[in-house]
Amino acid sequence: MRRFISPTRALVLIAVLLTSGTLLLLQLYPETGWVGVVALGLLAMVAAREAHRRVELQRVAERNTAELEAILESIPGMVVVGDAHGIKRANTRALELQGLSRPADALLGTFLEVVQRLGLRDATSGEPLKPEESPFLRALQGEAMTRELLVPGPPGAEARYLRTDAAPVSLEGDIIGAVCISTDITEQKLHEREEHFLTQVGTLLASTLDDEQALKSAAELVTCSLADCCIVDLVEEDGRVRRLAVVHREPSKARLADFLRQVPLDRRRPYLLGNVMRTRRPELLSEVPQGFLESVAQSEQHLQALRELNPRSLVFVPLVAHGRFLGAIALVSSHPRRRYGDNELRLGEELAYRASLAIAHARLYRAAREATRARDDVLGVVAHDLRNPLNSIVLSAQALLRQQSHAGESRAQAPLNSILSSARRMDRLIQDLLNVARMESGQLAVEVHPEPTAPILQEALEAARPLASELQLSLEVPEVLPWVRADRERLLQVFSNLLGNALKFTPRGGQVTLGARVEGEVVRFWVRDTGPGIAPEAREHLFDRFWQARRGDRRGAGLGLSIAKGLVEAHAGHIWVESELGRGSTFFFTVPVAPPDPSHVGPV
């Protein structure tokens, strides 16, 4: 900063000069007298006042400069101010971006020189920034703009992303310069990149239940953005370890990747993923230490392959789901400027978490499919091999009953009736199991035709009367009901299941009512009982397969309501229950109304 004389010193100097000048004037020109002295004094006062004004103006200028510097330094971003001749000012953050320190003269020069020195690139394309695309130069032309820029870091360091806002500076209608404020958005861009990557991986893993193919595709995705090579080892369900995939970014390395996938490994000796497979903990090697490849190579040929792979930085993450160890993934960086750190380790763990869940879900799905297949096989045996002898029992019991009835012997009829009733219950249970299997496999046949409603209700009611000897069974319907689009036999089965359920749980002397009414384009049916009612917590499970309100209840297998629900939904209807404890329950379901003239409508 330039040094200026203080006002006090200036006045003292002027006083000394005035005194000396007065004495010299009187000696040289005594005839002027005191008039000259007074004039000289006035001139000296004017000079002193001007000197004082100049000093004050300089002080104001220095303060304004200091305030401008303070304002620039207080701005969180990187600030650059300049004109067509180059950059004039920059705050400390902008200097640090270039590896410079004060004074700001280090920044003097054209903006294009700074662009070239920093190697600025477009953040989206990664291409070098063109002069005509420079926000600073565009601002000098009067155009305010915002642009995201990429600043490559030195070797071993991450690139930095900047969001640059540039605006022209005008004075009296003329553009005299431009100002650029840049904000470091590196963390934001990395977060966006990670979220995009994880979203892609999640979508890919969720798109199929073939876990092995999904993992191979995920490994290919990893090599597009996160690694030069990705290795996946899986632990089979029998405990064996299998190398599932080795994917390299460069197509020219396909032979190397294939060799590393097929090379036989002695798992008892150290190998690349051996430590994470043993500890089951994530591991980060920001820089591969000297001698590491030799320590994990199992043969000279294997060592040559690892050297060709040239890992410079490594991330190992375990695959664990629900406490079960499923394998491990290795991320390999061979590029000298891609050095893994905590961010890559965290991203690898997120990748492993999603992959682990995909593997676990796929294995559970396979297990469920195998269990379903085994169940269907058992049901096939039941349907074919058990029903034949069961039919023989029913026919034999019926024949014996007829013989006993003709012979007038009533003592043996009760045991025979019990045998016949049990056999029929067994046959009904077998039929229910087969229906459940058909519903789960989507093979439950429902052939819908226009059907008259009233005869179906009457038939359902008459079929239930033998079971209602100690109950009141009634029908509650209007005089006229439209036809419905239904499979007659399947609809009767729904009524049978609902009525049987109501009769089973209604105490002696109670009442069960079957009813129907039209509601727009559907007919609503209901079965109402005066039983004990259903607790609220039990209602949400009523239509679940094999669910029973009372465990150990041997009056059914818990399939009737589930089958009724499947049959109603196959008719494009809806089923639900309303109940109040102590006052009974009502099961409702709907079936679509048939066209007005059923005589002209065939099967649908």
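Which residues point one way from β7, and which the other way? Cys229, Ile231, Asp233 and Val235 point one way, while Cys230, Val232 and Leu234 point the other way. This is a predicted model.

**Strand β7**

- Strand β7 spans residues 229-235.
- Seven of its seven residues are buried, so β7 is largely enclosed by the rest of the structure.
- In a regular strand, side chains alternate between the two faces of the sheet.
- Residues on both sides of β7 are buried, among them Asp233 on one side and Leu234 on the other.

**Partners of β7**

- Strand β8, residues 241-248, pairs with β7 in the antiparallel sense, over seven bridges.

**Salt bridges in the whole structure**

- A search of the whole structure finds 25 salt bridges.
- One of them joins the side chains of Arg242 and Glu236, at 2.3 Å from N to O.
- Arg242 is partly exposed, with a relative accessible area of 26%.

**A salt bridge between two strands**

- Arg528 and Glu476 form a salt bridge in which the closest N and O atoms are 3.8 Å apart.
- Arg528 belongs to strand β16 (residues 522-529) and Glu476 to strand β13 (residues 472-476), so this pair ties together parts that are 52 residues apart in sequence.
- Arg528 is partly exposed, at 31% relative accessibility.
- Glu476 is likewise partly exposed, at 39% relative accessibility.

- Lys189 forms a salt bridge with Glu192, and their closest N and O atoms are 3.8 Å apart.
- Both residues lie in helix α6 (residues 186-206), where Lys189 and Glu192 are three residues apart, about one turn of the helix.
- Glu192 is partly exposed, with a relative accessible area of 38%.
- Glu148 joins Lys189 and Glu192 in a network of salt bridges.

Methods:
Residues numbered from 1 in each chain as written. Predicted model: local features only at pLDDT ≥ 70, side-chain atom pairs only at ≥ 80, totals over all residues. Heavy atoms only, no water. Salt bridge = Lys/Arg side-chain N within 4 Å of Asp/Glu carboxyl O. Helix = DSSP H or I, 4+ residues; strand = E, 2+ residues; numbered from the N terminus. Buried < 20%, exposed > 50% of the residue type's maximum accessible area, 1.4 Å probe, protein only. Pairing = 2+ DSSP bridges.
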